[in-house]
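Let's take a friendly walk through this model, one piece at a time. Have the sequence and the 3D view open as you read.

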Amino acid sequence: MSDGTADEGFLTGPEEPAGVTMFGPDFPFPFDDWIAHPAGLGSIPPEAHGSEVAIIGAGLAGMVAAYELMSLGLKPVIYEPTRIGGRLRTHRFEGGDGAVAELGGMRFPSSGRAFFHYVRRLGLTDRPFPNPLTEAAGSTVIDLWGQTHYGRTLDDLPPFFREVSDAWDAALEEIGFGALQDAIARRDPVALKERWDELVRVWDDRTFYDFVASSEAFSKLSFRHREAFGQVGFGTGGWDSDFPNSMLEILRVAVLECDTDQRLIEGGVEQLPRGMWDLPVRSGSPWPEGTTLASLHGGATLPAASAIRRSPSGSFEVTDRWGTMRTHDAVVATCQSWLLTTEIDCDESLFSQDLWMALDRTRYMQSTKTFVMVDRPFWKDEDPVTGRDVMSMTLTDRLTRGTYLFDNGPGKPAVICLSYSWMSDSLKMLPHGVDRRVELALGALSKIYPGTDIRSHIVGDPVTVTWEDDPYFLGAFKGALPGHYRYNHRMYTHFMQESFPSDHRGLFLAGDDVSFTPAWAEGAVQTALNAVWGVMRHFGGASPDENPGPGDLFDSLAPVALPE
C-alpha cells in the first residue's frame, strides 16, 4: 500500500501475475506499465515549463490529465461548473458515521489497473462490491415473473438460471472468447488485434440482442431464457437496457472482465479525484517538491467554461460562465461531448466536420439511482420461519430493477440503494421527486418482501440522481449503437494530431465517453493519458526511449480503421 507519495504501480510484482486486465482490445497499449515506469512519462523543453493548459472538467479524466501535465512542468488550469469528481460523485449522509451513497461510478473491476494505480498512490482501500450471487452480497433474491428465488450462489437457484448462465458463456465462446482473453492475459498485441479487428468488422453493425438471439447456444433455448437474461442477467444484473447497443460494446465489457471481481472504494470513490487535487507533484518534476494542483490554483478551480475560441495567435481563449476570458496554450476537454455544443460555445473550426459528427452523434444512456440510509444492516436478521435473511441483494423485473445493500459494520448506519435503473426504467423516474421515488421503490420491494418493514429503519434524508436531467452531463455514459465504431475511432484517435492542419491542433479530448470502454473509470484514465502524451508532443516533448508512450507505439497498435 502506497503512502500517497511514492510512484508505485498496482499489482506489478512478480508474485501477482497480470491475468486479464483492461489491455485493449482496440488499442492494446500497457497504460499501467507506462505510468509506473521509473523513467517517467516524458519531458518537455525548459522553455515550455509553466505553459498553461486549460482542463475542461474536474472529473477523473480531468484530474489525471491535470496531475500528469503538472508533473511534466506545465500549468494546468481547471474549469469546473460544480464540484471535483464528475460522475465519481459520493454523497455523505448527515450523521451517518461514514455512510455514503455512490451516485455515479460505484463498482470498479480489478482489471482496471491504471485506475487502481492512482487508488494506490492515494492510499485508498477497497473491498468486494456486493454484486448478486457473490460472497460479498451474502444472499441474493431473483424476483421474476412474480416468482421469488433465494440463494447465495447460482447453484442455489432453479436449474433454469444455470441454463441461462451457461448459454451466455457458450455464446461468447462461439466467437472465440477464450482465445481473446488468453491474448489479453499474455499481453500479446499481435494475436489480440488479429482476432479483435476481425470481430470489429463483423459485429459493428449488429446489436447485442442480435448476438444473443442468433447464437447457437440461446437458439436452442426458449424466449423465456433470453427474457430472463435481459431482466436479471448474470454478473452485475440485467442486460436488456443494452440490447440495442452495438455488440462490440458488450463484448469489450465481457472480454476485459469489467463485470468480474468488482471492488468498491471504502469511504467513497470521490476521494480519488479530490485526493489528486492535493497530491504532491511526482518526484523529478520541474515544479518545486510539494507543488499540488490546489497550490497552483490558489485553492479553487475556475468557474465553468462557457466558450472556447482560437485566438489570432493560435492559442486558445477560454471564457468562464461569468464572462472572464483567459488565454491558454492548449486545452484538454474532458466533459461529455454533447456539452461542446450545448453548454460551451466552441468555434466550429476547432474540430473537423467529421469529428463534430462523431461528437454530436454520441449516444448517452439514462440512469437513475435512489438511496436511503437505515439505522443498521437489518437485512442480516434471520426470518424465524424461513431461516433466510429478511432482505437480500435483489434483481427484479419490477420498477426497482436492482437493489443493493451496503453494510458499514455492526452498530453503524447502513445504506440501501433502493433502485438502480437504466434507460426507459430511468425515464419513469424522471418526473418524480426523491420522496415519490422512495415510495415507488418501497412499494415494489414490499411485493418481494411482504413481511419486511423497510421504512421503519430509514433515517436521515434520502438522495437520488438522474444523470440525463443534469445539464452538465445529459446522461450517465455513452452506449454506442450499431455503426458507431467509426465515430468512436475518430474521437479516440484524436490525440494523434501531427497530421492535422494547424487550426485543429492543441485541443485534446479525454473521458470515458471518448474511450472504447464507456462507463468504466479505466477508460477515463487511459484517454487522459493519451491526451497527456498528445499535449507533451504539442509542446515539443517526448517520452523516454525506455518507456515509449501511446503515441510512440500508435502505428503498430492503432485501432482498426473501417472503410468510410
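## Salt bridges

How many salt bridges does the count come to? It comes to 39, where a salt bridge is a side-chain nitrogen of Lys or Arg within 4 Å of a carboxyl oxygen of Asp or Glu. One word on the source: this is a predicted model, in which local features need pLDDT of at least 70 and side-chain atom pairs count only at pLDDT 80 or more, while totals for chains, interfaces and linings use all residues. Residues are numbered from 1 along each chain as its sequence is written, and side-chain values use heavy atoms, with hydrogens and water left out.

For an example, look at Lys75 and Glu52, whose side chains form a salt bridge at 4.0 Å, N to O. Lys75 belongs to strand β2 (residues 75–79) and Glu52 to strand β1 (residues 52–56), so the pair ties together parts that are 23 residues apart in sequence. Helices (H or I, at least four residues) and strands (E, at least two) are DSSP runs, numbered from the N terminus.

## The seven-stranded sheet

An open sheet of 7 strands runs in the order β8-β7-β17-β18-β19-β16-β20, with mixed pairing; two strands pair if DSSP finds at least two bridges between them. At the edges are β8 (147–151) and β20 (458–466), each pairing on one side only. Inside the sheet, β16 (residues 367–374) and β19 (residues 414–422) run antiparallel and are joined by 8 bridges. Val372 has Ile416 of β19 as its bridge partner.

## The three-stranded sheet

A further open sheet has 3 strands in the order β5-β9-β6, and its pairing is antiparallel. β5 (108–109) and β6 (126–128) each have a single partner strand, so one side of each is left without a neighbour in the sheet. Between β6 and β9 (residues 262–265) there are 3 bridges, and Asp126 stands opposite Ile265 in β9.

## A helix pair

Now find helix α5 (residues 177–186) and helix α6 (residues 189–203), which pack at about 140 degrees with their axes 8 Å apart; axes are lines fitted to C-alpha atoms, for helices over the stretch in contact, and angles run from 0 to 180 degrees between N-to-C directions. That makes α5 oblique to α6, since angles under 35 degrees count as roughly parallel, over 145 as roughly antiparallel, 65 to 115 as roughly perpendicular and the rest as oblique.

The contact (heavy atoms within 4.5 Å) includes Leu180 and Ile184 of α5 and Trp196 and Leu199 of α6.
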